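Colleague: I'm new to reading protein models. Could you walk me through one?

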Amino acid sequence: MKPLEQKILDEGIVLGDHVLKVDSFLNHQVDPQLMHSIGQTFAQLFEAEGVTKVLTLESSGIAPAVMTALLLNVPLIFARKRKSLTLKDDLFTEKIFSFTKQEESEVTVSRKFLNGEDRVLLIDDFLANGDAALGLGRIVAQAGATVAGIGIVIEKAFQPGREVLLQQGYRVHSLARIASLDGGKVSFVTESAAQNV
Ligand code: 5GP
């Protein structure tokens, strides 16, 4: 059993059959050692992709994304969920449907942080239907930049996100792949990208 999967089994709380709460190490309290190994693994998986920026969505993507950016030695950008007070002209803006809130929100990235030369690694805490990653991908496209890959900490493999992202031609790596949350019990897909997290 890999440390991330063990942590999910030990500390994850299943809400209904579709949502996993991991607020003891990722979504509220953060385990920095675990985030560090996650960053190392993503950095290794994507090191050949010429990544120039890491992009995530505030707030739960920031911890794994900043560690990944540190290990790749590139900046981290987090897309903001509320409109900033600056002029909209200065922003890339996309509407993204939130799986956990079940509502659409507008996310923004300042135009000064992404350009046509960038190869952008998208990092997020969870993958469900793929809306967050697709929305970040649209922001990258607005900038004329390229998505270098997508790194996900916890994929719910029983939801369609991975398929949706693969259909767009993206390279997707998930560190833990959950096959089912049925009956409040977490079970994993046996194979996953990382051997050491
Ligand atoms: P998607 O956009 O792929 O449908 O959902 C991914 C986004 O929704 C992530 O950014 C994550 O914050 C949130 N999310 C989706 N499923 C879960 C879940 O089971 N637990 C938690 N904590 N967040 C989730």
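Predicted model: local features only at pLDDT ≥ 70, side-chain atom pairs only at ≥ 80, totals over all residues.

Colleague: Which polar side-chain atom lies 3.3 Å from an oxygen atom of the ligand?

Modeller: That one belongs to Asp125.

Colleague: How much of the ligand does the protein bury?

Modeller: Taken alone, the ligand exposes 500 Å², and the protein buries 90% of that. The ligand takes up the space of the largest pocket.

Colleague: Which elements give two or more residues to the shell around the ligand?

Modeller: They are strand 2 (19–21), strand 7 (119–127) and helix 4 (131–142). Strand 7 gives the largest share, four residues. There are 16 residues around the ligand, and Leu20, Asp124, Asn129, Gly130 and Lys156 come nearest.

Colleague: How do the residues of that shell divide into nonpolar, polar and charged?

Modeller: Seven are nonpolar, five polar and four charged.

Colleague: Let's move to another residue. Why does Arg162 count as buried?

Modeller: Buried means under 20% relative accessible area. Arg162 counts as buried because its relative accessibility is 18%. You'll find Arg162 in helix 5 (residues 161–167).

Colleague: How far apart are Arg162 and Ala63?

Modeller: In sequence they're 99 residues apart, and in space 22 Å, C-alpha to C-alpha.

How values were computed: Residues numbered from 1 in each chain as written. Heavy atoms only, no water. Near = heavy atom within 4 Å. Polar contact = N/O pair within 3.5 Å; in protein donor to acceptor, adjacent residues only side chain to side chain. Areas by Shrake-Rupley, 256 points an atom, 1.4 Å probe, with all protein chains shown as cover. 1 Å grid on protein atoms, 1.4 Å probe; cavity = no way out; pocket = protein on both sides within 12 Å on 5 of 7 lines; lining within 4 Å. Sits in = over half its atoms within 2 Å of the grid points. Nonpolar A, V, L, I, M, F, W, Y, C, P; charged D, E, K, R; others polar. Buried < 20%, exposed > 50% of the residue type's maximum accessible area, 1.4 Å probe, protein only.
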